[in-house]
Amino acid sequence: MMKSALLASLVASAAAFAPAQTGRSATSVSESKADLEALAGGLNPVVKYYDPLNLSDQDFWGKGNEATIGWLRQSEIKHGRIAMFAFVGYITQSNFVFPWAQTLDGAPHPSADLVPEAQWDAVPAGAKWQIFAVISMLELWDECGGGGAFPHYTKGRQPGKYPPFTLFRDNVHFVLDLYDPFGFNKNMSAETKERRLKAELNNGRLAQLSIFAFLCADKIPGSVPLLNDIAIPYSGDPMIPFEGQFSYF
């Protein structure tokens with residue numbers, strides 16, 4: 001699961017990151033609660049708008065309600081994308097691992113016989129730090145809008161739109177953009193973009209529930225009855241990524 005998270009960090013969601021658009025669509029920046037309600041109706045006509053904590057009415061950090069909604073939308077999309085990678089990675093790692101060496105000294109990748117959480121525990125601390133370093137750099141690039149190419153997502157950028165690497169590519173080193181690196185989708189119709197963005201949101205929400213179902217089934221036997229036949233007991237703590245290797249305490 002976690003090796004797939006590394007791949008997610010490097011090539012990220014090439015099919016998931018929202019394409020660059022000009023102007024506003026129904027799934028672009030939702031500036032108000034009314035926009036969220038309209039979007040929710042299209043995503044799930046049965047549940048529709050659901051905000052029991054009234055987060056969409058808040059004003060985080062004194063930046064205004066629109067900035068708060070932009071932050072919430074960005075957070076949901078980002079968590080959904082990572083959850084999709086984690087879900088697919090969990091399934092993959094349960095059945096297949098890379099056949100080549102994991103480290104320079106020739107140590108193999110953790111066996112597929114291990115539950116994915118235990119596979120992560122077996123990854124050397126140095127490799128984990130590399131993963132987190134790459135993730136941190138990608139996060140920084142997102143927060144700075146690609147060096148000013150895009151505004152911040154609390155200041156008008158379409159939530160989920162990852163900035164291009166143009167500045168980095170022109171001044172440091174060649175690297176492909178995360179979204180549509182070969183330009184295959186530049187002529188995509190507005191209707192197709194709208195449909196794919198809604199599918200991404202729904203798939204991301206389902207993936208968040210699904211990956212936590214796997215984690216709970218492994219950690220708490222019987223907690224997810226549908227997974228009882230495939231769950232493998234795990235004695236560690238999936239919420240402590242450096243368990244036994246590093247701790248502040």
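This is a predicted model: local features need pLDDT of at least 70, side-chain atom pairs count only at pLDDT 80 or more; totals for chains, interfaces and linings use all residues.
Residues are numbered from 1 along each chain as its sequence is written, and side-chain values use heavy atoms, with hydrogens and water left out.

As for pLDDT (the predictor's confidence in each residue, from 0 to 100), the chain mean is 85, and 87% of residues reach 70 or more. Be careful with residues 1–30, though, where the pLDDT is below 50.

Now to the second largest pocket, at about 710 Å³. A pocket here is an open set of points on a 1 Å grid over the protein atoms alone, with protein on both sides within 12 Å along at least five of seven lines; lining residues have an atom within 4 Å of a point. Volume is the space filled by probe spheres set on the points, which are joined across faces, edges and corners. Of the 21 lining residues, Tyr49, Tyr50, Asp51, Glu76 and Arg205 sit closest to the centre. Helices H2 (33–43), H3 (65–93) and H8 (190–219) each give two or more residues to this lining; helices are DSSP runs of H or I, at least four residues, numbered from the N terminus.

Two of those helices also pack together: H2 and H8 meet at about 80°, with axes 10 Å apart. Axes are lines fitted to C-alpha atoms over the stretch in contact, and angles run from 0 to 180 degrees between N-to-C directions. The pair is therefore roughly perpendicular, a label for 65 to 115 degrees. Leu39, Gly42 and Leu43 of H2 make the contact (heavy atoms within 4.5 Å) with Lys198, Leu201, Asn202 and Arg205 of H8.

Finally, the second largest cavity holds about 40 Å³; in a cavity, a 1.4 Å probe fits but cannot get out. Its lining includes Glu76, Leu201 and Arg205, and H3 and H8 are the elements giving two or more residues.

Technical notes: Angles under 35 degrees count as roughly parallel, over 145 as roughly antiparallel, 65 to 115 as roughly perpendicular and the rest as oblique.
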